[in-house]
Amino acid sequence: MTYQIADDEERSGGRRFPWPNPGPRILSAARSGLADYGLLIAFFAGWQIASSVEWLNPAVFPPLDRVAYALYLGISSGALIDDIAISLQRSGIAFGAAIAFGIPLGLFMGQIRAVERALDPILQLFRQTSALAVYPVFILMMGLGEASKVFVIFWATLFPILLATIGGVKEVDAKLIEMARTFGASRLTTFRRVVLPASVPSIFVGLRLSATTALLLLIAAEMIGANKGVGFQVMNAQYNFQIPLMFAAIFLLAFLGLAANWVLILLQRRLCRWSPNTP
Amino acid sequence: MSSIETRTKGEVTIRDLTKSFKIDGETLTVLRKVSLDIRGGESLAIVGASGSGKTTLLRVLAGLEEPDGGDVLIDGAPVHGLGRERAVIFQEPRLLLWLRVLGNVAFGLEVQGVDRAEAEERARRYIRLVGLTEFETAWPRQLSGGMAQRVGIARALTVQPEILLLDEPLGALDAMTKMTMQEELTRIWDEEKVTMVLVTHDLEEAIYLADRVLVLPKEKGGSVRLLDIDLPRPRDRNGARFVTFRKQLMAEFGLH
(Lines give C-alpha, C1' and ligand atoms only; values in the text may rest on other atoms or scores of the structure.)
Protein backbone atom coordinates (compact mmCIF):
# COMPACT_ATOMS: atom_id res chain seq x y z
CA MET A 1 0.00 0.00 0.00
CA THR A 2 1.35 3.34 -0.92
CA TYR A 3 0.83 6.58 0.83
CA GLN A 4 1.78 9.92 -0.53
CA ILE A 5 1.45 13.29 1.03
CA ALA A 6 1.85 15.85 -1.66
CA ASP A 7 4.56 18.20 -0.55
CA ASP A 8 3.11 21.70 -0.22
CA GLU A 9 6.05 23.27 -1.95
CA GLU A 10 5.89 20.76 -4.74
CA ARG A 11 2.18 21.37 -5.17
CA SER A 12 2.48 25.12 -5.37
CA GLY A 13 5.18 24.67 -7.95
CA GLY A 14 7.54 26.66 -5.71
CA ARG A 15 11.18 25.88 -6.31
CA ARG A 16 11.11 23.43 -9.09
CA PHE A 17 14.64 24.22 -10.19
CA PRO A 18 16.75 24.43 -7.08
CA TRP A 19 20.08 26.15 -7.45
CA PRO A 20 22.94 23.72 -7.21
CA ASN A 21 24.37 25.52 -4.20
CA PRO A 22 21.64 27.43 -2.38
CA GLY A 23 24.04 29.15 0.03
CA PRO A 24 22.73 31.10 3.03
CA ARG A 25 19.02 31.50 3.50
CA ILE A 26 18.94 35.24 2.88
CA LEU A 27 20.77 34.86 -0.37
CA SER A 28 18.37 32.22 -1.63
CA ALA A 29 15.39 34.32 -0.54
CA ALA A 30 16.84 37.25 -2.46
CA ARG A 31 17.29 35.06 -5.50
CA SER A 32 13.73 33.81 -5.36
CA GLY A 33 12.47 37.37 -4.86
CA LEU A 34 14.50 38.45 -7.86
CA ALA A 35 13.07 35.63 -9.97
CA ASP A 36 9.52 36.62 -9.02
CA TYR A 37 9.76 40.41 -9.09
CA GLY A 38 12.94 41.14 -11.03
CA LEU A 39 11.15 42.12 -14.21
CA LEU A 40 8.76 44.40 -12.34
CA ILE A 41 11.65 46.13 -10.55
CA ALA A 42 13.45 46.52 -13.88
CA PHE A 43 10.30 48.06 -15.39
CA PHE A 44 10.04 50.67 -12.64
CA ALA A 45 13.78 51.37 -12.74
CA GLY A 46 13.63 51.77 -16.53
CA TRP A 47 10.73 54.18 -16.21
CA GLN A 48 12.50 56.24 -13.56
CA ILE A 49 15.71 56.48 -15.58
CA ALA A 50 14.05 57.05 -18.96
CA SER A 51 11.93 59.83 -17.53
CA SER A 52 14.79 61.47 -15.59
CA VAL A 53 17.08 61.67 -18.60
CA GLU A 54 14.11 62.59 -20.82
CA TRP A 55 14.07 59.59 -23.14
CA LEU A 56 10.42 59.68 -22.19
CA ASN A 57 8.50 62.93 -22.10
CA PRO A 58 8.40 63.67 -18.34
CA ALA A 59 5.26 65.74 -18.87
CA VAL A 60 3.45 62.54 -19.84
CA PHE A 61 5.50 60.03 -17.87
CA PRO A 62 6.84 61.89 -14.83
CA PRO A 63 9.66 60.20 -12.89
CA LEU A 64 8.34 57.78 -10.29
CA ASP A 65 9.71 59.77 -7.37
CA ARG A 66 7.37 62.61 -8.35
CA VAL A 67 4.47 60.14 -8.60
CA ALA A 68 5.38 58.82 -5.16
CA TYR A 69 5.56 62.34 -3.80
CA ALA A 70 2.15 63.18 -5.26
CA LEU A 71 0.79 60.02 -3.65
CA TYR A 72 2.35 61.00 -0.33
CA LEU A 73 0.92 64.53 -0.53
CA GLY A 74 -2.51 63.23 -1.50
CA ILE A 75 -2.61 60.77 1.36
CA SER A 76 -1.08 63.00 4.04
CA SER A 77 -3.43 65.87 3.16
CA GLY A 78 -6.34 63.47 3.36
CA ALA A 79 -7.61 64.32 -0.13
CA LEU A 80 -6.89 60.91 -1.62
CA ILE A 81 -8.08 59.20 1.55
CA ASP A 82 -11.53 60.65 0.96
CA ASP A 83 -11.42 59.41 -2.61
CA ILE A 84 -10.37 55.93 -1.49
CA ALA A 85 -13.10 55.88 1.15
CA ILE A 86 -15.88 56.79 -1.26
CA SER A 87 -14.58 54.35 -3.90
CA LEU A 88 -14.39 51.53 -1.38
CA GLN A 89 -17.85 52.39 -0.16
CA ARG A 90 -19.36 52.29 -3.65
CA SER A 91 -17.72 49.06 -4.72
CA GLY A 92 -18.08 47.49 -1.28
CA ILE A 93 -21.82 48.06 -1.06
CA ALA A 94 -22.33 46.86 -4.63
CA PHE A 95 -20.10 43.81 -4.23
CA GLY A 96 -21.65 42.95 -0.88
CA ALA A 97 -25.14 43.21 -2.34
CA ALA A 98 -24.15 41.04 -5.30
CA ILE A 99 -22.83 38.39 -2.89
CA ALA A 100 -25.86 38.60 -0.61
CA PHE A 101 -28.18 38.31 -3.57
CA GLY A 102 -26.21 36.18 -6.04
CA ILE A 103 -25.02 33.30 -3.86
CA PRO A 104 -28.39 32.38 -2.28
CA LEU A 105 -30.17 32.80 -5.61
CA GLY A 106 -27.50 30.73 -7.37
CA LEU A 107 -27.72 27.98 -4.76
CA PHE A 108 -31.48 27.91 -5.17
CA MET A 109 -31.39 27.99 -8.96
CA GLY A 110 -28.76 25.28 -9.18
CA GLN A 111 -30.86 22.98 -7.02
CA ILE A 112 -34.15 23.28 -8.83
CA ARG A 113 -33.91 22.40 -12.48
CA ALA A 114 -37.21 24.01 -13.51
CA VAL A 115 -36.21 27.36 -12.02
CA GLU A 116 -32.80 27.19 -13.61
CA ARG A 117 -34.25 26.33 -17.02
CA ALA A 118 -36.80 29.12 -16.87
CA LEU A 119 -34.31 31.77 -15.78
CA ASP A 120 -31.31 30.72 -17.86
CA PRO A 121 -32.18 32.46 -21.18
CA ILE A 122 -32.80 35.80 -19.51
CA LEU A 123 -29.64 35.39 -17.45
CA GLN A 124 -27.60 34.70 -20.55
CA LEU A 125 -29.05 37.81 -22.22
CA PHE A 126 -28.30 40.02 -19.23
CA ARG A 127 -24.85 38.58 -18.88
CA GLN A 128 -23.97 39.29 -22.47
CA THR A 129 -25.20 42.88 -22.19
CA SER A 130 -22.29 44.99 -21.06
CA ALA A 131 -23.06 46.74 -17.82
CA LEU A 132 -21.50 49.90 -19.24
CA ALA A 133 -23.97 49.83 -22.12
CA VAL A 134 -26.91 49.88 -19.72
CA TYR A 135 -25.34 52.45 -17.38
CA PRO A 136 -27.19 55.29 -19.19
CA VAL A 137 -30.43 53.46 -18.46
CA PHE A 138 -29.56 53.33 -14.77
CA ILE A 139 -28.67 57.03 -14.84
CA LEU A 140 -32.08 57.79 -16.37
CA MET A 141 -33.76 55.70 -13.71
CA MET A 142 -31.77 56.79 -10.68
CA GLY A 143 -30.04 60.01 -11.59
CA LEU A 144 -26.31 60.68 -11.60
CA GLY A 145 -25.92 60.19 -7.85
CA GLU A 146 -24.68 57.31 -5.77
CA ALA A 147 -27.58 54.98 -6.51
CA SER A 148 -26.86 54.54 -10.22
CA LYS A 149 -23.12 54.09 -9.57
CA VAL A 150 -23.63 51.43 -6.94
CA PHE A 151 -26.28 49.77 -9.04
CA VAL A 152 -24.18 49.48 -12.18
CA ILE A 153 -21.37 47.83 -10.18
CA PHE A 154 -23.89 45.55 -8.50
CA TRP A 155 -25.31 44.64 -11.91
CA ALA A 156 -21.93 43.81 -13.37
CA THR A 157 -20.73 41.76 -10.39
CA LEU A 158 -23.98 39.88 -9.86
CA PHE A 159 -23.77 37.72 -12.97
CA PRO A 160 -20.32 36.19 -12.52
CA ILE A 161 -21.22 35.30 -8.93
CA LEU A 162 -24.65 33.97 -9.86
CA LEU A 163 -23.44 31.88 -12.79
CA ALA A 164 -20.44 30.49 -10.90
CA THR A 165 -22.69 29.49 -8.00
CA ILE A 166 -25.24 27.81 -10.28
CA GLY A 167 -22.41 26.03 -12.08
CA GLY A 168 -20.90 24.90 -8.79
CA VAL A 169 -24.17 23.45 -7.54
CA LYS A 170 -24.96 21.73 -10.83
CA GLU A 171 -21.54 20.12 -11.01
CA VAL A 172 -21.73 18.50 -7.58
CA ASP A 173 -21.13 14.79 -8.08
CA ALA A 174 -24.53 13.05 -8.01
CA LYS A 175 -22.76 10.01 -6.56
CA LEU A 176 -21.88 11.95 -3.42
CA ILE A 177 -25.49 13.00 -3.03
CA GLU A 178 -26.57 9.38 -3.43
CA MET A 179 -24.01 8.35 -0.83
CA ALA A 180 -25.42 10.87 1.65
CA ARG A 181 -28.93 9.60 0.95
CA THR A 182 -27.96 6.01 1.78
CA PHE A 183 -27.13 7.21 5.29
CA GLY A 184 -30.58 8.73 5.55
CA ALA A 185 -29.61 12.36 4.96
CA SER A 186 -32.58 14.65 4.37
CA ARG A 187 -32.62 17.03 1.40
CA LEU A 188 -31.63 19.89 3.65
CA THR A 189 -28.80 17.96 5.31
CA THR A 190 -27.53 16.82 1.93
CA PHE A 191 -27.56 20.42 0.77
CA ARG A 192 -25.77 21.68 3.86
CA ARG A 193 -23.20 18.90 4.17
CA VAL A 194 -22.56 17.98 0.52
CA VAL A 195 -23.85 20.47 -2.07
CA LEU A 196 -22.80 23.67 -0.30
CA PRO A 197 -19.20 22.73 0.57
CA ALA A 198 -18.69 21.17 -2.85
CA SER A 199 -19.74 24.45 -4.49
CA VAL A 200 -17.44 26.73 -2.51
CA PRO A 201 -14.40 26.55 -4.84
CA SER A 202 -16.58 27.38 -7.82
CA ILE A 203 -18.20 30.27 -5.93
CA PHE A 204 -14.74 31.67 -5.27
CA VAL A 205 -13.96 31.65 -8.97
CA GLY A 206 -17.02 33.86 -9.42
CA LEU A 207 -16.05 36.11 -6.52
CA ARG A 208 -12.57 36.75 -7.83
CA LEU A 209 -13.88 37.42 -11.31
CA SER A 210 -16.45 39.81 -9.85
CA ALA A 211 -13.91 41.67 -7.76
CA THR A 212 -12.02 42.58 -10.92
CA THR A 213 -15.24 43.59 -12.65
CA ALA A 214 -16.28 45.68 -9.64
CA LEU A 215 -13.12 47.74 -9.88
CA LEU A 216 -13.50 48.18 -13.64
CA LEU A 217 -17.05 49.43 -13.35
CA LEU A 218 -16.19 51.60 -10.36
CA ILE A 219 -13.60 53.49 -12.39
CA ALA A 220 -15.90 53.87 -15.38
CA ALA A 221 -18.79 55.08 -13.23
CA GLU A 222 -16.56 57.56 -11.41
CA MET A 223 -15.16 58.90 -14.66
CA ILE A 224 -18.59 59.55 -16.13
CA GLY A 225 -20.33 61.53 -13.45
CA ALA A 226 -18.68 61.98 -10.09
CA ASN A 227 -16.88 64.61 -8.09
CA LYS A 228 -15.12 62.20 -5.76
CA GLY A 229 -13.48 58.82 -5.92
CA VAL A 230 -10.20 57.42 -7.15
CA GLY A 231 -11.55 56.98 -10.69
CA PHE A 232 -12.69 60.60 -10.69
CA GLN A 233 -9.24 61.63 -9.46
CA VAL A 234 -7.55 59.98 -12.46
CA MET A 235 -9.73 61.95 -14.85
CA ASN A 236 -9.63 65.17 -12.84
CA ALA A 237 -5.86 65.17 -12.42
CA GLN A 238 -5.46 64.71 -16.14
CA TYR A 239 -7.80 67.67 -16.87
CA ASN A 240 -5.79 69.81 -14.49
CA PHE A 241 -2.52 68.50 -15.87
CA GLN A 242 -1.47 67.10 -12.49
CA ILE A 243 0.14 64.12 -14.19
CA PRO A 244 2.01 62.78 -11.11
CA LEU A 245 -1.28 62.80 -9.20
CA MET A 246 -2.96 61.05 -12.11
CA PHE A 247 -0.41 58.24 -11.97
CA ALA A 248 -0.68 58.14 -8.19
CA ALA A 249 -4.41 57.50 -8.57
CA ILE A 250 -3.80 54.86 -11.24
CA PHE A 251 -1.35 53.03 -8.98
CA LEU A 252 -3.82 53.32 -6.15
CA LEU A 253 -6.47 51.60 -8.29
CA ALA A 254 -4.06 48.84 -9.24
CA PHE A 255 -3.23 48.39 -5.58
CA LEU A 256 -6.92 48.21 -4.63
CA GLY A 257 -7.39 45.47 -7.22
CA LEU A 258 -4.41 43.52 -5.95
CA ALA A 259 -5.55 43.92 -2.35
CA ALA A 260 -9.06 42.68 -3.13
CA ASN A 261 -7.73 39.65 -4.95
CA TRP A 262 -5.30 38.95 -2.14
CA VAL A 263 -8.04 39.08 0.51
CA LEU A 264 -10.14 36.66 -1.55
CA ILE A 265 -7.24 34.26 -2.00
CA LEU A 266 -6.56 34.27 1.74
CA LEU A 267 -10.22 33.56 2.40
CA GLN A 268 -10.25 30.81 -0.21
CA ARG A 269 -7.17 29.18 1.32
CA ARG A 270 -8.91 29.18 4.66
CA LEU A 271 -12.17 27.73 3.35
CA CYS A 272 -10.92 25.42 0.59
CA ARG A 273 -7.74 23.88 1.96
CA TRP A 274 -8.98 20.53 0.72
CA SER A 275 -9.34 21.55 -2.91
CA PRO A 276 -6.52 20.83 -5.35
CA ASN A 277 -7.54 23.98 -7.25
CA THR A 278 -6.95 26.36 -4.36
CA PRO A 279 -4.21 28.86 -5.33
CA MET B 1 -15.07 -19.56 11.91
CA SER B 2 -18.34 -19.18 10.11
CA SER B 3 -20.76 -17.03 12.04
CA ILE B 4 -23.99 -17.86 10.28
CA GLU B 5 -25.60 -19.41 13.33
CA THR B 6 -24.59 -16.70 15.78
CA ARG B 7 -26.70 -14.05 14.13
CA THR B 8 -30.44 -13.84 13.80
CA LYS B 9 -30.72 -10.23 12.65
CA GLY B 10 -29.91 -9.00 9.18
CA GLU B 11 -32.01 -11.60 7.47
CA VAL B 12 -33.17 -10.66 3.99
CA THR B 13 -36.05 -12.26 2.15
CA ILE B 14 -36.58 -11.48 -1.50
CA ARG B 15 -39.87 -12.53 -3.07
CA ASP B 16 -40.59 -12.41 -6.83
CA LEU B 17 -38.61 -9.26 -7.35
CA THR B 18 -39.17 -7.70 -10.78
CA LYS B 19 -37.51 -4.63 -12.18
CA SER B 20 -37.44 -3.23 -15.68
CA PHE B 21 -36.13 -0.04 -17.22
CA LYS B 22 -37.47 1.96 -20.12
CA ILE B 23 -34.72 2.80 -22.58
CA ASP B 24 -35.69 4.71 -25.73
CA GLY B 25 -39.29 3.57 -25.38
CA GLU B 26 -38.32 -0.08 -25.11
CA THR B 27 -38.79 -1.98 -21.91
CA LEU B 28 -35.78 -3.89 -20.69
CA THR B 29 -36.56 -6.39 -17.97
CA VAL B 30 -33.51 -6.72 -15.75
CA LEU B 31 -34.89 -8.73 -12.85
CA ARG B 32 -37.55 -11.33 -13.54
CA LYS B 33 -39.20 -12.76 -10.42
CA VAL B 34 -36.05 -13.20 -8.38
CA SER B 35 -36.54 -14.93 -5.04
CA LEU B 36 -33.87 -15.52 -2.45
CA ASP B 37 -33.35 -15.93 1.28
CA ILE B 38 -30.24 -14.38 2.73
CA ARG B 39 -29.41 -15.65 6.19
CA GLY B 40 -28.52 -13.26 8.99
CA GLY B 41 -24.75 -12.82 9.20
CA GLU B 42 -24.18 -14.61 5.93
CA SER B 43 -21.75 -13.49 3.27
CA LEU B 44 -23.43 -13.74 -0.11
CA ALA B 45 -21.84 -12.89 -3.42
CA ILE B 46 -23.85 -12.07 -6.52
CA VAL B 47 -22.11 -12.74 -9.82
CA GLY B 48 -23.35 -12.47 -13.37
CA ALA B 49 -22.41 -11.19 -16.77
CA SER B 50 -22.73 -7.45 -17.32
CA GLY B 51 -26.37 -6.63 -17.92
CA SER B 52 -27.50 -9.57 -15.79
CA GLY B 53 -28.93 -7.15 -13.24
CA LYS B 54 -26.60 -7.81 -10.33
CA THR B 55 -26.08 -4.15 -9.54
CA THR B 56 -29.79 -3.47 -10.00
CA LEU B 57 -30.58 -6.20 -7.49
CA LEU B 58 -28.21 -4.61 -4.99
CA ARG B 59 -29.65 -1.15 -5.59
CA VAL B 60 -33.16 -2.45 -5.01
CA LEU B 61 -31.98 -4.05 -1.76
CA ALA B 62 -30.40 -0.74 -0.75
CA GLY B 63 -33.60 1.12 -1.54
CA LEU B 64 -31.96 3.24 -4.22
CA GLU B 65 -34.29 1.73 -6.84
CA GLU B 66 -37.97 0.92 -6.44
CA PRO B 67 -38.89 -2.56 -7.69
CA ASP B 68 -41.78 -2.89 -10.15
CA GLY B 69 -43.07 -5.89 -8.29
CA GLY B 70 -42.25 -8.28 -5.48
CA ASP B 71 -41.14 -7.70 -1.92
CA VAL B 72 -38.02 -7.22 0.11
CA LEU B 73 -38.32 -8.19 3.76
CA ILE B 74 -35.69 -7.54 6.38
CA ASP B 75 -36.00 -9.61 9.53
CA GLY B 76 -39.52 -10.42 8.41
CA ALA B 77 -40.75 -6.87 7.88
CA PRO B 78 -41.29 -5.48 4.38
CA VAL B 79 -39.08 -2.51 3.55
CA HIS B 80 -39.55 0.34 1.13
CA GLY B 81 -36.81 2.76 0.23
CA LEU B 82 -33.67 3.44 2.23
CA GLY B 83 -33.16 2.32 5.79
CA ARG B 84 -30.64 2.67 8.57
CA GLU B 85 -30.23 -1.08 8.98
CA ARG B 86 -28.51 -1.13 5.58
CA ALA B 87 -25.31 0.60 4.47
CA VAL B 88 -23.81 0.68 1.01
CA ILE B 89 -20.18 0.53 -0.08
CA PHE B 90 -19.78 1.68 -3.67
CA GLN B 91 -17.17 0.94 -6.27
CA GLU B 92 -15.77 4.45 -5.86
CA PRO B 93 -14.95 5.54 -2.31
CA ARG B 94 -17.24 8.59 -2.68
CA LEU B 95 -15.40 10.55 -0.04
CA LEU B 96 -16.15 14.18 0.75
CA LEU B 97 -12.96 15.96 -0.22
CA TRP B 98 -13.51 18.78 2.28
CA LEU B 99 -13.53 16.45 5.27
CA ARG B 100 -10.51 14.68 6.68
CA VAL B 101 -10.55 10.90 7.13
CA LEU B 102 -12.12 11.21 10.58
CA GLY B 103 -14.84 13.56 9.31
CA ASN B 104 -15.64 11.25 6.41
CA VAL B 105 -15.96 8.19 8.62
CA ALA B 106 -18.12 10.06 11.12
CA PHE B 107 -20.26 11.52 8.32
CA GLY B 108 -22.91 8.78 8.30
CA LEU B 109 -23.53 9.04 12.04
CA GLU B 110 -23.58 12.84 11.97
CA VAL B 111 -26.14 12.81 9.19
CA GLN B 112 -28.22 10.54 11.38
CA GLY B 113 -28.21 13.13 14.13
CA VAL B 114 -25.45 11.83 16.40
CA ASP B 115 -23.49 14.78 17.79
CA ARG B 116 -20.01 15.33 16.40
CA ALA B 117 -17.99 14.34 19.47
CA GLU B 118 -19.76 11.02 19.84
CA ALA B 119 -19.78 10.34 16.10
CA GLU B 120 -16.02 10.89 15.94
CA GLU B 121 -15.46 8.73 19.00
CA ARG B 122 -17.34 5.88 17.36
CA ALA B 123 -15.68 6.55 14.01
CA ARG B 124 -12.24 6.11 15.56
CA ARG B 125 -13.02 2.51 16.40
CA TYR B 126 -13.71 1.69 12.76
CA ILE B 127 -10.75 3.70 11.52
CA ARG B 128 -8.67 1.43 13.74
CA LEU B 129 -10.49 -1.62 12.36
CA VAL B 130 -9.49 -0.73 8.80
CA GLY B 131 -5.97 0.15 9.91
CA LEU B 132 -5.98 3.89 9.24
CA THR B 133 -5.48 5.29 12.74
CA GLU B 134 -2.35 7.15 11.69
CA PHE B 135 -4.23 8.84 8.86
CA GLU B 136 -7.18 10.20 10.82
CA THR B 137 -6.26 13.77 9.96
CA ALA B 138 -5.26 13.15 6.32
CA TRP B 139 -7.24 14.69 3.47
CA PRO B 140 -8.87 12.31 0.97
CA ARG B 141 -6.66 13.60 -1.86
CA GLN B 142 -3.63 12.35 0.04
CA LEU B 143 -4.85 8.74 0.11
CA SER B 144 -4.13 5.92 -2.31
CA GLY B 145 -7.07 4.13 -3.95
CA GLY B 146 -6.99 1.24 -1.50
CA MET B 147 -6.83 3.54 1.52
CA ALA B 148 -9.68 5.69 0.22
CA GLN B 149 -11.79 2.57 -0.17
CA ARG B 150 -10.97 1.57 3.43
CA VAL B 151 -12.33 4.95 4.54
CA GLY B 152 -15.53 4.20 2.62
CA ILE B 153 -15.76 0.82 4.31
CA ALA B 154 -15.17 2.33 7.76
CA ARG B 155 -17.83 4.98 7.07
CA ALA B 156 -20.40 2.29 6.26
CA LEU B 157 -19.47 0.19 9.31
CA THR B 158 -19.63 3.15 11.70
CA VAL B 159 -23.41 3.36 11.42
CA GLN B 160 -23.47 -0.29 12.55
CA PRO B 161 -25.76 -1.66 9.88
CA GLU B 162 -27.21 -5.15 10.02
CA ILE B 163 -26.66 -5.52 6.32
CA LEU B 164 -23.67 -4.34 4.35
CA LEU B 165 -24.28 -3.97 0.63
CA LEU B 166 -21.14 -3.87 -1.50
CA ASP B 167 -21.29 -2.90 -5.16
CA GLU B 168 -18.03 -4.10 -6.76
CA PRO B 169 -16.13 -2.45 -3.91
CA LEU B 170 -12.69 -3.60 -5.04
CA GLY B 171 -13.31 -3.36 -8.77
CA ALA B 172 -11.14 -0.29 -9.25
CA LEU B 173 -8.13 -1.50 -7.28
CA ASP B 174 -4.95 -3.09 -8.58
CA ALA B 175 -4.58 -6.88 -8.24
CA MET B 176 -2.35 -6.88 -5.17
CA THR B 177 -4.24 -4.23 -3.23
CA LYS B 178 -7.39 -6.12 -4.13
CA MET B 179 -6.17 -9.36 -2.53
CA THR B 180 -5.10 -7.55 0.62
CA MET B 181 -8.49 -5.88 0.80
CA GLN B 182 -10.28 -9.20 0.34
CA GLU B 183 -8.44 -10.52 3.38
CA GLU B 184 -9.39 -7.36 5.28
CA LEU B 185 -13.04 -7.71 4.30
CA THR B 186 -13.07 -11.31 5.55
CA ARG B 187 -11.63 -10.19 8.88
CA ILE B 188 -14.02 -7.25 9.20
CA TRP B 189 -17.03 -9.38 8.31
CA ASP B 190 -16.01 -11.92 10.91
CA GLU B 191 -15.50 -9.29 13.61
CA GLU B 192 -18.62 -7.30 12.89
CA LYS B 193 -21.01 -10.24 12.43
CA VAL B 194 -22.81 -8.39 9.72
CA THR B 195 -24.77 -9.72 6.74
CA MET B 196 -22.73 -9.02 3.65
CA VAL B 197 -24.16 -8.89 0.14
CA LEU B 198 -21.41 -8.44 -2.40
CA VAL B 199 -21.84 -7.77 -6.10
CA THR B 200 -18.73 -8.63 -8.05
CA HIS B 201 -17.61 -9.67 -11.50
CA ASP B 202 -14.52 -11.30 -10.04
CA LEU B 203 -15.29 -15.02 -9.59
CA GLU B 204 -12.27 -15.63 -7.39
CA GLU B 205 -13.32 -12.78 -5.14
CA ALA B 206 -16.78 -14.33 -4.83
CA ILE B 207 -15.31 -17.70 -3.81
CA TYR B 208 -12.83 -16.08 -1.44
CA LEU B 209 -15.41 -13.99 0.41
CA ALA B 210 -18.78 -15.68 0.20
CA ASP B 211 -20.62 -18.45 2.03
CA ARG B 212 -22.84 -18.73 -1.01
CA VAL B 213 -22.58 -17.42 -4.54
CA LEU B 214 -25.68 -16.41 -6.45
CA VAL B 215 -25.23 -16.75 -10.20
CA LEU B 216 -27.59 -14.60 -12.21
CA PRO B 217 -28.52 -16.08 -15.59
CA LYS B 218 -26.99 -14.64 -18.70
CA GLU B 219 -29.95 -15.19 -20.99
CA LYS B 220 -33.39 -13.85 -20.18
CA GLY B 221 -35.66 -16.36 -18.57
CA GLY B 222 -32.82 -18.51 -17.31
CA SER B 223 -32.89 -19.60 -13.71
CA VAL B 224 -30.88 -18.29 -10.81
CA ARG B 225 -28.28 -20.71 -9.41
CA LEU B 226 -26.85 -20.88 -5.91
CA LEU B 227 -23.46 -22.31 -5.09
CA ASP B 228 -22.43 -23.23 -1.52
CA ILE B 229 -18.82 -22.46 -0.75
CA ASP B 230 -18.23 -24.63 2.30
CA LEU B 231 -14.56 -23.81 2.68
CA PRO B 232 -13.02 -22.95 6.04
CA ARG B 233 -11.61 -19.45 6.49
CA PRO B 234 -9.04 -18.08 5.93
CA ARG B 235 -9.27 -19.51 2.49
CA ASP B 236 -6.38 -20.66 0.36
CA ARG B 237 -6.74 -19.33 -3.16
CA ASN B 238 -4.59 -22.15 -4.45
CA GLY B 239 -6.18 -24.92 -2.41
CA ALA B 240 -7.53 -27.86 -4.38
CA ARG B 241 -11.17 -27.27 -3.45
CA PHE B 242 -10.91 -23.54 -4.06
CA VAL B 243 -9.67 -24.30 -7.55
CA THR B 244 -12.49 -26.77 -8.06
CA PHE B 245 -15.03 -24.11 -7.06
CA ARG B 246 -13.42 -21.70 -9.46
CA LYS B 247 -13.64 -24.18 -12.31
CA GLN B 248 -17.25 -24.89 -11.46
CA LEU B 249 -18.13 -21.21 -11.35
CA MET B 250 -16.28 -20.46 -14.56
CA ALA B 251 -18.18 -23.26 -16.26
CA GLU B 252 -21.39 -21.44 -15.36
CA PHE B 253 -20.25 -18.71 -17.72
CA GLY B 254 -18.84 -21.05 -20.35
CA LEU B 255 -15.28 -20.13 -19.35
CA HIS B 256 -12.35 -22.49 -18.97
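View 1. Arg94(B) has a relative accessibility of 10%, which makes it buried (buried means under 20% relative accessible area, exposed over 50%, and partly exposed in between, with a 1.4 Å probe and protein chains only). This is a predicted model, so local features need pLDDT of at least 70, side-chain atom pairs count only at pLDDT 80 or more, and totals for chains, interfaces and linings use all residues. Residues are numbered from 1 along each chain as its sequence is written, chains are lettered from A and ligands numbered from 1 in the order in which they are written, and side-chain values use heavy atoms, with hydrogens and water left out. Look for Arg94(B) in the loop that links strand S6 (86-89) to helix H2 (101-111) of chain B (helices, H or I of at least four residues, and strands, E of at least two, are DSSP runs numbered from the N terminus). Its phi is positive, at about 50°, although Arg94(B) is not a glycine. Most residues other than glycine have a negative phi, and most peptide bonds are trans.

**View 2. Lys33(B), an exposed lysine in a strand.** Here's another residue that isn't glycine but has a positive phi: for Lys33(B) the value is near 50°. Lys33(B) sits in strand S2 of chain B, which covers residues 26-38. With a relative accessibility of 59%, Lys33(B) counts as exposed.

View 3. Zoom in on the bond running from Arg233(B) to Pro234(B): the peptide is cis, and omega is near -5°. Pro234(B) belongs to the loop between strand S10 (225-228) and helix H7 (240-252) of chain B.

**View 4. Val213(B) and the nonpolar core.** The largest nonpolar core holds 151 residues, and Val213(B), Phe107(B) and Val197(B) are the ones with the most contacts inside it (such a core is a set of buried Ala, Val, Leu, Ile, Met, Phe, Trp, Tyr and Cys residues joined through side-chain atoms within 4.5 Å). Leaving out residues up to four places away in sequence, Val213(B) touches several residues, among them Ala45(B), Val47(B), Leu227(B) and Leu249(B) (a contact means heavy atoms within 4.5 Å). Arg225(B) is also one of the residues it touches.

**View 5. Chain B as a whole.** The C-alpha trace of chain B spans about 50 × 45 × 40 Å along its principal axes. Of those 256 residues, 57% count as buried.

**View 6. Ala198(A), a partly exposed alanine in helix H9.** Over in chain A, Ala198(A) is part of helix H9, residues 187-224. A relative accessible area of 22% makes Ala198(A) partly exposed. Not counting residues up to four places away in sequence, Ala198(A) touches Val172(A) and also Trp98(B). Cys272(A) lies 74 residues from Ala198(A) in sequence, yet their C-alpha atoms are 9.5 Å apart.
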